[in-house]
Amino acid sequence: AYDGMCVFEYGIVSEVFGLTRPEMTDGWYSYGVASAQGRKIRLVGGLQLTIDDGLGALVDADIVILPGWPVDRPPPLALISALRSASQRGARLVSICTGAFALAAAGLLDGKRATTHWIHAETLRTRYPKIKVEPDVLYVDEGNILTSAGSAAGIDLCLHIVRRDYGAKAANIVARRMVVAPHRDGGQKQYV
């Protein structure tokens, strides 16, 4: 989490991974929020969020999810270091929307396919030419590195992760509770 973070993207991740799901008999995710900026941050719209953990929480995380990152602001070196360490030990790194820019700044998308919001796809391609930018898809799964297009495509990617980890039935249960499609076809072009 960081100052100026989008409430919607934070909400997507909290909704999919942070809610208690007693209907899931095979267990569920353990959820936490970490920040490199201290215990209190301000979200878009003036909301304040109190964070329990610093970047040390990433040491044990199996999945690290980055919300959209400001395209014009480089991530702090501590975050880049924590992302690289998490990647080296095999954690899955996931970005929603422009969160791909933080993964790119850490060099973790080099030689891989990735996506981001269509408005910023060309900037990502120009700034990081080693990335195979896919501007028309809703999300890209490169194994341990996953990226989504715009904010709402983060829902698609999070449901994909649930489907990958727990199967289609679990993803359908989560989607049904959220009142969204468990899987959307097509790409970003239909929304541009």
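The legends below describe close-up views of a predicted model.

**View 1. Packing of helix H1 against helix H5.** Two packed helices are described by the angle between their axes and the distance between the axes. Here H1 spans residues 7-18 and H5 spans residues 153-166. Their axes lie 10 Å apart and form an angle of about 20°. Angles under 35 degrees count as roughly parallel, and H1 and H5 are therefore roughly parallel to each other. The crossing of H1 past H5 is right-handed.

**View 2. Residues in the contact of H1 with H5.** On the side of H1, the contact comprises Phe 8, Ile 12, Val 13, Val 16 and Phe 17. These residues meet Gly 154, Ile 155, Cys 158, Ile 161 and Val 162 of H5. By type, the contact holds nine nonpolar residues, one polar residue and no charged residue.

View 3. A disulfide is a covalent bond between the sulfur atoms of two cysteines. A pair of cysteine sulfur atoms must lie within 2.5 Å to be counted, and the count for this model comes to zero disulfides. For Cys 6, the closest cysteine sulfur belongs to Cys 97 and is 8.0 Å away, too far for a bond. Cys 6 is partly exposed, its relative accessible area being 26%.

**View 4. Surroundings of Cys 158.** Cys 158 takes part in no disulfide, as the nearest cysteine sulfur, that of Cys 97, is 13 Å away. With a relative accessible area of 0%, Cys 158 is buried. Cys 158 is also one of the H5 residues that meet H1.

Key: Residues are numbered from 1 along each chain as its sequence is written. This is a predicted model: local features need pLDDT of at least 70, side-chain atom pairs count only at pLDDT 80 or more; totals for chains, interfaces and linings use all residues. Side-chain values use heavy atoms; hydrogens and water are left out. Axes are lines fitted to C-alpha atoms, for helices over the stretch in contact, and angles run from 0 to 180 degrees between N-to-C directions. Helices (H or I, at least four residues) and strands (E, at least two) are DSSP runs, numbered from the N terminus. Angles under 35 degrees count as roughly parallel, over 145 as roughly antiparallel, 65 to 115 as roughly perpendicular and the rest as oblique. A crossing is left-handed if the near helix is turned anticlockwise from the far one by less than a right angle, and right-handed if clockwise. Contact means heavy atoms within 4.5 Å. Ala, Val, Leu, Ile, Met, Phe, Trp, Tyr, Cys and Pro count as nonpolar, Asp, Glu, Lys and Arg as charged, and the others, Gly among them, as polar. Buried means under 20% relative accessible area, exposed over 50%, partly exposed in between (1.4 Å probe, protein chains only).
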